[in-house]
Amino acid sequence: MLESKTTPSINQARIELRELLRKKSVFHGQFTLASGAKSNYYIDCRLTTLDPKGAWLVGQLMHSLIRNQAADRNLRIDAVGGLTMGADPVALATAMFSCLAQEAPPLQTFTVRKTPKGHGQTKLIEGNFKKGDSVVVVDDVVTRGDSTIAAISAVVAEGGRVFFVAVLVDRQEGGKQKIEALGYPVFALFQRDELL
């Protein structure tokens, strides 16, 4: 197990990750979002989730969030993943922390392509996912919820069971409610207001 000096407490990790997100991932100006909506700020979580320290903190905090929610609901989770590419570093960091915590078995990771692969096995879901798995869909940012819903739909179509959604940042623009209206609870590490 890791020595305590290398793993910050959950509260300390949360403070450090919030500051890193503010420093590296929050931009002010005029932006067009993936949804087509206009915004005077943009949150690019990849600058944090693909940073070594950011990935470490994301892994610790998302792992804690997922394990706590699963324990509260008495759920067994096989894997974590979501729509490429925002979800990819979040899922991998979470699963790596699971391995480092010596969980048996550790969480597995998968990624949902935007379109099925055009050759080979022509998969829509890559990585360690199989029919019957119980999963948590993760994402870096939820705005309107469309990319998260696309990932949920792909998992369900391939015979997986989605228990809930875990996101790094909720932009508080209706996506959480849209996903929850489909029956999937959404848990966010941070709300937009905590970062702006």
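1. Strand 2, strand 6 and helix 5 each supply at least two residues of the lining of the largest pocket, and strand 6 gives the largest share, four residues. Helices (H or I, at least four residues) and strands (E, at least two) are DSSP runs, numbered from the N terminus. This is a predicted model, in which local features need pLDDT of at least 70 and side-chain atom pairs count only at pLDDT 80 or more, while totals for chains, interfaces and linings use all residues. Residues are numbered from 1 along each chain as its sequence is written, and side-chain values use heavy atoms, with hydrogens and water left out.

2. The largest pocket has a volume of about 560 Å³, and of the 25 residues that line it, Ala34, Asp140, Val141, Thr143 and Ser147 are the closest to its centre. A pocket here is an open set of points, on a 1 Å grid over the protein atoms alone, where a 1.4 Å probe fits, with protein on both sides within 12 Å along at least five of seven lines; lining residues have an atom within 4 Å of a point. Grid points are joined across faces, edges and corners, and a volume is the space filled by probe spheres set on the points. By class, this lining of the largest pocket has 10 nonpolar, seven polar and eight charged residues, where Ala, Val, Leu, Ile, Met, Phe, Trp, Tyr, Cys and Pro count as nonpolar, Asp, Glu, Lys and Arg as charged, and the others, Gly among them, as polar.

3. The second largest pocket holds about 210 Å³ of space and is lined by 13 residues, of which Arg76, Ile77, Asp78, Pro105 and Pro106 lie nearest its centre. The lining of the second largest pocket divides into five nonpolar, two polar and six charged residues.

4. Helix 5 (residues 146-157) has 12 residues, which at 1.5 Å a residue should span 16 Å, and its end C-alpha atoms are 16 Å apart, which agrees; the expected span is 1.5 Å times one less than the number of residues. Its buried residues (under 20% relative accessible area, with exposed over 50% and partly exposed in between, for a 1.4 Å probe and protein chains only) are Thr148, Ile149, Ala151, Ile152, Ala154 and Val155. These buried residues of helix 5 pack against strand 3 (79-83), strand 4 (108-112), strand 5 (125-127), strand 6 (134-142), strand 7 (161-170) and helix 6 (175-180), a contact being heavy atoms within 4.5 Å. Helix 5 is followed by Gly159, whose phi is positive, near 90°.

5. A search of the whole structure finds four aromatic pairs, in which rings of Phe, Tyr and Trp (its six-membered ring) have centres within 6.5 Å, with planes under 30 degrees apart counted as stacked, over 60 as edge-to-face and the rest as tilted. One of them is the tilted pair of Phe110 and Phe129, at 5.5 Å centre to centre and 55° between the planes. Phe110 lies in strand 4 and Phe129 in the loop between strand 5 and strand 6, so the pair ties together parts that are 19 residues apart in sequence. Phe110 is buried, with a relative accessible area of 2%, and Phe129 counts as buried at 15% relative accessibility.

6. Phe164 and Phe187 form an edge-to-face aromatic pair, 5.5 Å centre to centre with 85° between the planes. Phe164 lies in strand 7 and Phe187 in strand 8 (residues 186-191), so this pair ties together parts that are 23 residues apart in sequence; both Phe164 and Phe187 are buried.
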